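Take a look at the chain below before reading on.

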Amino acid sequence: MFEQSRRLREPLRWGRREKSAVAVALACVLAALIALGVYAATSGAPARADCINVTFASTLGGARLHACGAQARQVCASPPSSYRGIASELRSACARAGYRMRE
């Protein structure tokens, strides 16, 4: 009973093993955060200048029109009647990509 009373009364003492375990755990967390930051900074495709992106309201929520290269040129060349609700947004996206939208 006396030993238990003494253990409860005295603060915990960190030995060499405990300090090493905490240092290793902190080093692993730090390495994981650095690796995550490097991955986030270097992953993903670079933005292409010949792509069009238009987000618009649809019957089931938000929809996205994305096209690059020849497909973007074809979308911009199509008559605006096929894209009635998004004609102005599509026109500005085509202009940013360097395509002229047919009137």
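This report goes from the whole protein down to single residues.

## Overall layout

The model is predicted. Its secondary structure comes to four helices and two strands. Along the sequence, the order is α-α-β-β-α-α. The radius of gyration is 30 Å, well over the 13 Å that the globule rule gives for 103 residues, so the protein is more spread out than a compact globule.

The C-alpha trace tells its own story. Along the principal axes, the trace spans about 95 × 30 × 15 Å.

## Surface, burial and charge

How much of the protein is buried? Buried residues make up 19% of the 103 residues. The accessible surface comes to about 8,500 Å². Carbon and sulfur atoms hold 61% of that surface.

Charges come next. The protein has 15 positive and 6 negative charges.

Take the contacts with a separation of 6 or more: residues 24 or more positions apart account for 37% of them.

Helix H3 covers residues 69–77. Which of its residues are buried? They are Gly69, Ala72, Val75 and Cys76. These residues cover an arc of only 115 degrees around the axis, which puts them on the same side of H3. On the other side of H3, Ala70 and Gln74 are exposed.

What do the buried residues of H3 pack against? Their partners are strand E1 (51–58), strand E2 (61–68) and helix H4 (87–97).

## Leu65 in strand E2

Leu65 sits in strand E2. Is Leu65 buried or exposed? Its relative accessible area is 15%. The cut-off for buried is under 20%, so Leu65 counts as buried.

Which residues does Leu65 contact, leaving aside neighbours within four places in sequence? They are Ile52, Asn53, Val54, Phe56, Val75, Tyr83, Ile86 and Leu90. Val75 is also one of the buried residues of H3. Leu90 is 25 residues from Leu65 along the chain. The C-alpha atoms of this pair are separated by 9.0 Å.

## Asn53 in strand E1

Asn53 is found in strand E1. Asn53 has a relative accessible area of 40%. That makes this residue partly exposed.

Not counting residues up to four places away in sequence, Asn53 touches Arg64, Leu65, His66, Ala93 and Arg96. Leu65, from the section above, belongs to strand E2.

Terms used: Residues are numbered from 1 along each chain as its sequence is written. This is a predicted model: local features need pLDDT of at least 70, side-chain atom pairs count only at pLDDT 80 or more; totals for chains, interfaces and linings use all residues. Side-chain values use heavy atoms; hydrogens and water are left out. Buried means under 20% relative accessible area, exposed over 50%, partly exposed in between (1.4 Å probe, protein chains only). The arc is that of the directions from the helix axis to the C-beta atoms. Contact means heavy atoms within 4.5 Å. The radius of gyration is taken over C-alpha atoms; the globule rule is 2.2 Å times the number of residues to the power 0.38. Accessible areas come from the Shrake-Rupley method with a 1.4 Å probe; for residues, only the protein chains shown count as cover. Lys and Arg count as positive and Asp and Glu as negative; His and the chain ends are not counted. The place of a charge is taken as NZ of Lys, CZ of Arg, CG of Asp or CD of Glu.
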